[in-house]
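Me: Please take a close look at one part of this model. I want its packing partners, one after another, in a single connected account.

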Amino acid sequence: MVEIWIVVLLAAHLLLVDVAMTGPLVCVWLERRETRYADRAAGRVGRALARMAMWSLAGGMALGGLLLAIRWSISDRGYFEAVATIPEGRLWFGLAELIFYFVCMGAYTLLWNRLRNWRLVHRGLAIAAASNLLIHFPALFAIVSVVSTRAQLWGEKLDRSGYWTLLLDGEVLSRVVHVWLAAFAVTGVALMALASRPAPDASSQRLIHRGACLALACSLLQLPAGLWLAFEMPDVAREPLFGGDLLASGLFIVSLLLAMQLLHTLASVALGEPRSKQIHRSVAIILVLVLLMVGTRSRLHYRALATLGLGPEVAEGPPDQIRSPEGLRLANAAFQ
């Protein structure tokens, strides 16, 4: 039951953080459209999206704290061992980056109409906020997730060289690209939803088309990115996905079917006249799709931990039991 709650909370956390990461970049495009074409709908949607991005990050941080508390309560030693490998200075710097985001986006929203003669400065605030999250946080949490399954890396702080080695690791890079594409796809759907309220006029319909095109393009790119991620997985995580575990395989197959349905729906919106039913369907599909993909990934993660002897039943034991020669041998063999 706890694992189900972790999946639900993690899916909600990722959806919120996705909008926070890429929403500001879409806001820059909307503000530029308002300035160049006097598009009032673009300005209205842009300000709404900027506020949504800030609230999304605040909500994502709250859910992240709740997830940490749950992991602590179930003695998820692998996760906290992985966090412990990250230098404390980098973690404190991450907190400063979150504050920097709120300062930039708060100023960006408040000064939307006051920096008409300084648009480059105004847009720079949003770009700085978005790039701050996109560059640092997906990579950081991908490294933590990967290290949590590599017991041979536990117990020592990652130096600069070790951090960059992991950053360029295929499994980490593929996860980062996967997160970036998902973030733009989710934000594209969010743009569709915001532009559809109230009843869309001709200008709002153009924004809905653009949001659908963004989400469709990123969803299509997820297909090769997903294959890359699957091939970069260690064998202990890949085998359950392709028939070794019925639950993981079932979740994955349903996810693929939903992804195909999402592509069809987004293509209908992008190429035809947008209808509220299609927009609502797109929102519902992407919510369920993220939930299923997170469930699949979590199932693979815990199966890999159990295979390597690093599951919860072992994580509650003493350190010498966790780092037994056999456990470390399996971990090294699995990830070479």
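Reply: Axes here are lines fitted to C-alpha atoms, for helices over the stretch in contact, and angles run from 0 to 180 degrees between N-to-C directions. Helices are DSSP runs (H or I, at least four residues), numbered from the N terminus. This is a predicted model, with local features needing pLDDT of at least 70 and side-chain atom pairs pLDDT 80 or more, while totals for chains, interfaces and linings use all residues. Residues are numbered from 1 along each chain as its sequence is written, and side-chain values use heavy atoms, without hydrogens or water.

The part is helix H8, residues 202-232. Take its packing against H10, residues 246-271. The two axes lie 8 Å apart, at an angle of about 150 degrees. H8 is therefore roughly antiparallel to H10 (over 145 degrees). H8 passes H10 in a left-handed crossing (the near helix is turned anticlockwise from the far one by less than a right angle; clockwise would be right-handed).

Contact means heavy atoms within 4.5 Å. On the H8 side, Ile208, His209, Ala212, Cys213, Ala215, Leu216, Ser219, Leu220 and Leu223 take part. They meet Met260, Leu262, Leu263, Leu266, Ala267, Val269 and Ala270 of H10. By class, this contact of H8 with H10 has 14 nonpolar, 2 polar and no charged residues (nonpolar: Ala, Val, Leu, Ile, Met, Phe, Trp, Tyr, Cys and Pro; charged: Asp, Glu, Lys and Arg; polar: the others, Gly among them).

Next comes H7, residues 170-195. The axes of H7 and H8 come within 8 Å and cross at roughly 160 degrees. That angle makes H7 roughly antiparallel to H8. Their crossing is left-handed. The contact of H7 with H8 divides into 20 nonpolar, 8 polar and 3 charged residues.

The account ends with H1, residues 2-37. H1 and H8 pack at about 150 degrees, with their axes 13 Å apart. H1 is thus roughly antiparallel to H8. H1 passes H8 in a right-handed crossing. From H1 come Val26, Trp29, Leu30 and Arg33. Facing them in H8 are Arg206, Leu207, Arg210 and Leu214. By class, the contact of H1 with H8 has 5 nonpolar, no polar and 3 charged residues.

Key
Helices (H or I, at least four residues) and strands (E, at least two) are DSSP runs, numbered from the N terminus. Angles under 35 degrees count as roughly parallel, over 145 as roughly antiparallel, 65 to 115 as roughly perpendicular and the rest as oblique.
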